[in-house]
Amino acid sequence: MTSRPQQLRVDVHVAILVGGNVDADAALRTLVTRISGRDPGHPTRSCRSCGSSNHGRPVFRTPTHEPTTCHRRRTHHYVSISRTRDRDVTALAYCPTHPVGIDIETVNAAAFDGFDAVALHPYEHCENDRERTQLWVRKEALLKAHGTGLATDPRRIQLAATGEIIAGPLGTVTDLDLPASAPGIECQAAIAVTLPHADVHCHVWQLPNR
Ligand SMILES: [Zn+2]
């Protein structure tokens, strides 16, 4: 196993929930509580464009403060939520150290006319709809990690076939191997963190499907 010496390890915790009635905010709170050992409270929203707390990315307003011997250390809860278009599959991501983005789509969700024209960088090329969907979830995850969403034109981002960022916002993009626990639903997903050249370790957790 070789890794670049300057790579920093980043741990990302993921949960996939199946069903149309999933309470994503409650599930996110459960995931963060389970990993961090502290209840972060209920997530609110933060819109980067207008500052609203009614929409935008999920945030926990009250990061916990862990008392230590001589000072108090702030613990961050960077989180992201994605739902497939039919809303039957929900993906959650939590990273304690860096802003994180997750995107999930059903297989071949990008199989529509004109996809290449609206989504591909001039130097990108896709052989088939699976590649198109993978490219899309990678770009979406990266934009969500930065909190910009589709305010950034996906055509300005160029990714290598490996997912490495050639042009676009800084970060590390990793494909997600989905657990076999989503029966009958085939999805493609990716996660991204804003740290470049990160050694991303993805942990997939089972949560109760309430
Ligand atoms: Zn807004």
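Which residues is proline 169 in contact with, leaving aside its neighbours within four places in sequence? In this predicted model, the contacts of proline 169 are Leu142 and His146, two residues being in contact if their C-beta atoms, placed from the backbone, lie within 7 Å. Local features need pLDDT of at least 70 and side-chain atom pairs count only at pLDDT 80 or more, whereas totals for chains, interfaces and linings use all residues. Residues are numbered from 1 along each chain as its sequence is written.

Proline 169 is located in the loop between strand E10 (165–167) and strand E11 (172–175); helices (H or I, at least four residues) and strands (E, at least two) are DSSP runs, numbered from the N terminus. Proline 169 is classed as partly exposed because it has 16 C-beta neighbours inside 10 Å. On this scale a residue is buried if 20 or more other C-beta atoms lie within 10 Å of its own, exposed if 12 or fewer, and partly exposed in between, with C-beta atoms placed from the backbone. Between proline 169 and threonine 194, 25 residues apart in sequence, the C-alpha to C-alpha separation is 8.1 Å.

E11 belongs to an open sheet of three strands with the order E8-E12-E11 and antiparallel pairing, where two strands pair if DSSP finds at least two bridges between them. E8 and E11 are the edge strands, each pairing on one side only. E11 and E12 are joined by four bridges, and valine 173 stands opposite alanine 192 in E12. Helix H3 lies across E8, E11 and E12 and runs at about 150 degrees to E8; axes are lines fitted to C-alpha atoms, for helices over the stretch in contact, and angles run from 0 to 180 degrees between N-to-C directions.

The largest nonpolar core contains 43 residues, of which Val14, Ala93, Ile191 and Val193 touch the most other members. Such a core is a set of buried Ala, Val, Leu, Ile, Met, Phe, Trp, Tyr and Cys residues joined through C-beta atoms within 7 Å. H3 gives the most to this core, with seven residues.
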